[in-house]
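Please walk me through this structure, starting with one of its pockets.

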Amino acid sequence: GRTSQDIYNNVTSGIKPERKNVVLMHDFAGHYKPIDALDSIISWGLEQGYVFRKITDETPMVTHGVNN
């Protein structure tokens, strides 16, 4: 399976400054790797000048292609 470092690398390499970015982080019983990576992802994003906002009804819809 993926490690928290794999998740960090995947997220930070996929975020691009020229677009709006949404990162979905799913966790489920007994699998905390996404949570373990989250502090590092947030720190990296803040260092890069990104801001983090909660999703609301006013948030523009973001779509993506299929990655499987």
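Which residues lie nearest the centre of the second largest pocket? They are N21, V22, V51, F52 and R53, out of 23 lining residues. The model is predicted, with local features needing pLDDT of at least 70, side-chain atom pairs 80 or more, and totals for chains, interfaces and linings using all residues. Residues are numbered from 1 along each chain as its sequence is written, and side-chain values use heavy atoms, without hydrogens and water.

A pocket here is an open set of points on a 1 Å grid over the protein atoms alone, where a 1.4 Å probe fits, with protein on both sides within 12 Å along at least five of seven lines; lining residues have an atom within 4 Å of a point.

V22 lies in the loop between α1 (4-14) and α2 (33-47); helices are DSSP runs (H or I, at least four residues) numbered from the N terminus. V22 counts as partly exposed because its relative accessibility is 42%, the class between buried (under 20%) and exposed (over 50%), with a 1.4 Å probe and protein chains only.

Helix α2 contains I35, which is partly exposed because its relative accessibility is 44%.

Notes: Helices (H or I, at least four residues) and strands (E, at least two) are DSSP runs, numbered from the N terminus.
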